[in-house]
Amino acid sequence: MALNDIEALLIDLLRSGSSIISISDEDEDEVPLDGMWTELRSQILRLPHDDLARFPTVALNCAANVPEGKPVSPYFYNLIAEITDLRHAFRVVSLSDVSYAPASSTLQNNLAAAVIPLDQFLGLLPRLIQGIGLRSLRWVTKLSSGSDPEGLEHDTVMAGLAFALARSGRLSDSELASIDANAIVRLFGALHYSRQTGMEAANDLLTRAILALNEQVLAARNPTMPNHIMNILRDSAAPGVHTFAETLIFLINRADDLLTQVMVLKAIYIILATNAPLFFTNDLRVLLDVVLRRVLTLELQDVGLRQAFLRVLRLLYPTVAPYKAREVMQMAHHIQCAEALGIDPDSVRIACDIASSVELTASAS
């Protein structure tokens with residue numbers, strides 16, 4: 001099948017709203033829609049190298065031609081996951097333990113399906129975010145009627161794709177601007193309902209997608225770009241924000257890759273700095289325990305991560321004092337004494353601030 005034929009089939013599949021599609025003019029042969037997507041994937045993987053390199057542009061154009069307000073088929077996003085290395089970018093120990101791990105080059109070479117770099121599909125991200133939010137409205141309808149939503153495996157793939165795409169490259173300012181406040185509100189709603197439906201993997205991945213989108217906004221070239229994510233987090237009544245905060249505590253307690261830890265700590269810092277009442281007291285105490293444990297195990301060269309943990313602790317301690325006051329003071333003194341061993345001056349300065357905070361809190365009680 002030539003690239004033009006694949007494009008025509010993809011357009012037909014995106015337009016089809018039924019579970020079957022005709023593959024002949026006489027309408028005699030009808031194939032289940034998921035079977036047609038499987039066949040399309042097979043045909044894409046058989047394309048010559050030059051045509052395969054052109055397929056991302058074809059896919060982006062086809063998705064862009066789907067009318068606004070109509071979700072792009074989840075089968076389409078599943079297709080993108082299958083012809084890129086997305087499925088091998090995650091190691092899934094259990095549904096509640098999903099973490100990011102770039103696939104090794106050896107693994108990629110052994111996988112015939114991993115043929116197109118994921119960043120070639122970065123332009124799909126704004127529409128994908130809208131699609132996740134619109135599909136979450138279907139969950140609400142199903143739940144309110146007492147029936148279980150169907151096809152939830154597609155939602156997990158879409159959540160993982162959103163996270164991976166957001167980390168694969170930088171969106172243009174115009175692409176970022178197309179992800180408006182309503183889309184972010186619905187994304188948080190999807191996060192909320194993923195918890196209600198027991199979709200732990202989707203919940204984890206949606207949280208990571210939100211964190212990665214926040215990084216996109218922070219890196220925007222336009223300094224006036226509104227940060228809809230942080231605006232929503234300031235509204236403690238918004239659906240999904242408490243779920244997001246709870247998942248942040250879970251992630252910082254278990255994530256072992258640098259980028260996830262930094263993204264989580266940035267979000268926690270902003271929440272604490274704005275005094276948004278999203279964390280329960282017990283969650284804050286768990287967070288303090290995690291920070292104390294992690295800071296003391298970091299290597300000398302882990303400068304950025306150590307500073308991120310310490311900046312969070314500087315804001316965190318007054319909210320839970322006098323909890324673990326002695327341990328916090330010991331940690332601060334440990335950092336100060338390590339200056340002679342080459343620990344960075346900013347970490348020492350922040351540790352001094354933390355020690356002063358412990359002393360001030362103790363004297364005031």
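**Figure 1. Asparagine 275 in the loop between helix 13 and helix 14 (281-295).** In this predicted model, asparagine 275 has a phi near 55 degrees, a positive value in a residue other than glycine. Most residues other than glycine have a negative phi. With a relative accessibility of 66%, asparagine 275 counts as exposed, because the cut-off for that class is over 50%.

**Figure 2. The loop between helix 15 (303-320) and helix 16 (325-337), with proline 322 and lysine 324.** Alanine 321 and proline 322 are joined by a cis peptide bond, with omega at about 5 degrees. Most peptide bonds are trans. Lysine 324, in this loop, has a positive phi near 55 degrees and is a residue other than glycine. Its relative accessibility is 28%, so lysine 324 counts as partly exposed.

**Figure 3. Packing of helix 12 (residues 241-254) against helix 13 (residues 258-273).** The two axes come within 10 Å and cross at roughly 135 degrees, which makes helix 12 oblique to helix 13. The crossing of helix 12 and helix 13 is left-handed. From helix 12, Phe244, Leu248, Leu251 and Ile252 take part in the contact; the residues they meet in helix 13 are Gln261, Val264, Leu265, Ala267, Ile268 and Ile271.

**Figure 4. Packing of helix 1 (residues 3-15) against helix 2 (residues 33-45).** The angle between these helices is about 155 degrees, and their axes lie 11 Å apart. Helix 1 is therefore roughly antiparallel to helix 2, since angles over 145 degrees fall in that class. Helix 1 passes helix 2 in a left-handed crossing. Helix 1 contributes Ile6, Leu9, Leu10, Leu13 and Leu14 to the contact, and these meet Leu33, Met36, Trp37, Leu40, Gln43 and Ile44 in helix 2.

**Figure 5. Helix 3 (residues 49-64) and its kink at phenylalanine 55.** The kink amounts to about 35 degrees and lies shortly before proline 56. The end C-alpha atoms of helix 3 are 24 Å apart; this agrees with the 22 Å that its 16 residues should span at 1.5 Å a residue. The buried residues of helix 3 include Phe55 and Pro56, together with Asp51, Leu52, Val58, Ala59, Cys62 and Ala63. An α-helix has 3.6 residues a turn, so residues three or four places apart point the same way.

**Figure 6. Overview of the protein, with 17 helices and four strands.** Of its 365 residues, 47% count as buried. Among contacts between residues at least 6 apart in sequence, 73% join residues at least 24 apart.

Notes: Residues numbered from 1 in each chain as written. Predicted model: local features only at pLDDT ≥ 70, side-chain atom pairs only at ≥ 80, totals over all residues. Heavy atoms only, no water. Helix = DSSP H or I, 4+ residues; strand = E, 2+ residues; numbered from the N terminus. Expected span 1.5 Å × (residues − 1). Bend = angle between axes of the 7 residues up to and from the residue. Buried < 20%, exposed > 50% of the residue type's maximum accessible area, 1.4 Å probe, protein only. Axes fitted to C-alpha atoms, helices over the stretch in contact; angles between N-to-C directions. Parallel < 35°, antiparallel > 145°, perpendicular 65-115°, else oblique. Left-handed = near helix turned anticlockwise from the far one by under 90°. Contact = heavy atoms within 4.5 Å.
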